[in-house]
Amino acid sequence: MVAISRLLNLTLVVPELDKKSFWADPSNFEDIFDVRHFIDSLRDEVRIVKRVPKKFSEKNGQTTLKMPPVSWSNEKYYLEQILPLFGKHKVVHFNKTDSRLANNGLPLDLQRLRCRVNFQALKFTPELENLGQKLIRILSKNGPFVALHLRYEMDMLAFSGCTLGCTNEEAEELKRMRYAFPSWREKEIVSEERRSQGLCPLTPEEAALVLQALGFDRKTPIYIAAGEIYGGERRLAQLRAAFPRIVRKETLLANDELQQFRNHSSQMAALDFIVSVASNTFVPTYYGNMAKLVEGHRRYSGFKKSILLDRKKLVELLDMHKNGTFPWTEFANAVRKVHERKMGQPTRRRVEVDKPKEEDYFYANPYECLCEGTKCDDLLGALNSSQIQ
């Protein structure tokens, strides 16, 4: 939205956050981000105000147009179709703003402005930042640590329809939840098919095997960056047996330190985000928004090691190992082989012509912003260039 405001030479109102989703988080933008820093650091690019000026309010007879922009749109769409709307409506309220700007094909100055916003202008509040840094200090005392984004929470399973390892009662509970939310349009899902397509998050049991295959041993400190794991300690048993040094923010911090953030899922996630970006190795078990953004920040911070799991291939390997047709040594070698080029190395984004939803996400790999002082071709190299599909 900052890039779009800059492109159209318009004033941006500090964003509002969705409070009607499943998480029902009452947090405002200023509860998570340092608003003053956000406004001041972008002052030379775009004018940002905290609220709509009174002279433009509906109480003063002005009409506000509410609409979602078309997803994955380029600058031509905003210049030709959106800008004229401001002639009639002085205020346009974009009520959905995720993924509304194209990943690719935008002018370099807009792409670099997006990076400036994402990696510099957006800072967490001092309260979140200080507590996140405390977590990092505690973890770092024990040497290198892994941040495991174990996306095995109730909403993820209900939304994806993935029920491997769940009891019949749990599977029914997840199905009821999916039907209870109209925004989740896909209702009838076959878990086995979804999993075989690589569309399920790894279970805690699968994560344990994959981490072991990748060479992590029992002494490895692992920070679980996630909310409440569905199934609780029962589902964490195998992972904890393989990696006894598992910790979470709830186990590292006192109750009173976390109290102000409880019941605010976005603020709790911010703490996990801070730790994940700083970790020595980041491993997401599902490639969702948080995983993509952490990946991008880690690339921006010097291509820190992020193991981006190929879930579709892993499902094949895991099943072969479990049914006894793939001994451990062969399984481990295969897992490592699959992920040799999936460690967050420099690479170009994958472009899918006419299928922007399927291409690589700009913020996960903003390579235009990673080439200061050198040529992108030199940094990326021939072996790292993704094919245009």
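This passage walks through a predicted model, starting with its domains and moving on to a few individual residues and charged pairs.

The domain assignment divides the protein chain into domain 1, covering residues 1–123, and domain 2, covering residues 127–380. Taken over C-alpha atoms, the centres of domain 1 and domain 2 lie 29 Å apart. Where domain 1 and domain 2 meet, 18 residues of domain 1 are in contact with 28 residues of domain 2. Together the two domains bury about 2200 Å², and 59% of that area is on carbon and sulfur atoms. Three residues stand out on the domain 1 side: Phe22, Asn103 and Phe119 supply 28% of the area that domain 1 buries against domain 2, more than any other three residues.

What kinds of polar link cross this interface? There are zero salt bridges between domain 1 and domain 2, but 13 residue pairs are in polar contact across their interface. On the side of domain 1 that touches domain 2, the elements giving two or more residues are α2 (29–32) and α6 (108–121). Helix α6 makes the largest contribution to that side, with eight residues. Sorted by type, the residues on that side of domain 1 are eight nonpolar, six polar and four charged.

Most residues other than glycine have a negative phi. Asparagine 9, however, has a positive phi near 60°. Asparagine 9 sits in the loop between α1 (2–8) and β1 (12–13), and its relative accessibility of 69% makes it exposed. Tryptophan 72 also has a positive phi, of about 60°, although it is not a glycine. The loop between β3 (64–67) and α4 (75–82) holds tryptophan 72, which is partly exposed at 22% relative accessibility.

Serine 160 gives a view of a buried position. This residue belongs to helix α8, which spans residues 154–160. Is serine 160 buried or exposed? With a relative accessible area of 2%, serine 160 is buried, because buried means under 20%. Its side chain reaches the backbone nitrogen of cysteine 162 at 3.4 Å. Leaving aside neighbours within four places in sequence, serine 160 is in contact with Ile189, Arg194, Leu199 and Pro201.

Charged pairs complete the picture. Side chains of opposite charge can pair when their charged atoms come close. The structure holds 25 salt bridges. In one of them, glutamate 45 pairs with arginine 116, with the closest N and O atoms 3.4 Å apart. This pair links distant parts of the chain, since glutamate 45 is in the loop between α3 (35–41) and β2 (48–49) while arginine 116 is in helix α6, 71 residues apart. Glutamate 45 is partly exposed at 27% relative accessibility, and arginine 116 is partly exposed at 22%.

Another salt bridge joins aspartate 155 and arginine 151, whose closest N and O atoms are 3.0 Å apart; aspartate 155 and arginine 151 are both buried. The side chains of glutamate 170 and arginine 234 also meet in a salt bridge, at 2.8 Å from N to O. Glutamate 170 lies in helix α9 (residues 168–180) and arginine 234 in helix α12 (residues 232–242), so this pair ties together parts that are 64 residues apart in sequence. Glutamate 170 is buried, with a relative accessible area of 14%, whereas arginine 234 is partly exposed at 44% relative accessibility. Finally, salt bridges that share partners join Arg6, Asp44, Glu45 and Arg116 into one network.

Technical notes: Residues are numbered from 1 along each chain as its sequence is written. This is a predicted model: local features need pLDDT of at least 70, side-chain atom pairs count only at pLDDT 80 or more; totals for chains, interfaces and linings use all residues. Side-chain values use heavy atoms; hydrogens and water are left out. Domain bounds come from an automatic or database domain assignment. Contact means heavy atoms within 4.5 Å. Buried area is the accessible area (1.4 Å probe) that two parts lose on being put together, summed over both. A salt bridge is a side-chain nitrogen of Lys or Arg within 4 Å of a carboxyl oxygen of Asp or Glu. A polar contact is a pair of N or O atoms within 3.5 Å; within protein, one must be able to donate a hydrogen and the other to accept it, and residues adjacent in sequence count only if both atoms are side-chain atoms. Helices (H or I, at least four residues) and strands (E, at least two) are DSSP runs, numbered from the N terminus. Ala, Val, Leu, Ile, Met, Phe, Trp, Tyr, Cys and Pro count as nonpolar, Asp, Glu, Lys and Arg as charged, and the others, Gly among them, as polar. Buried means under 20% relative accessible area, exposed over 50%, partly exposed in between (1.4 Å probe, protein chains only).
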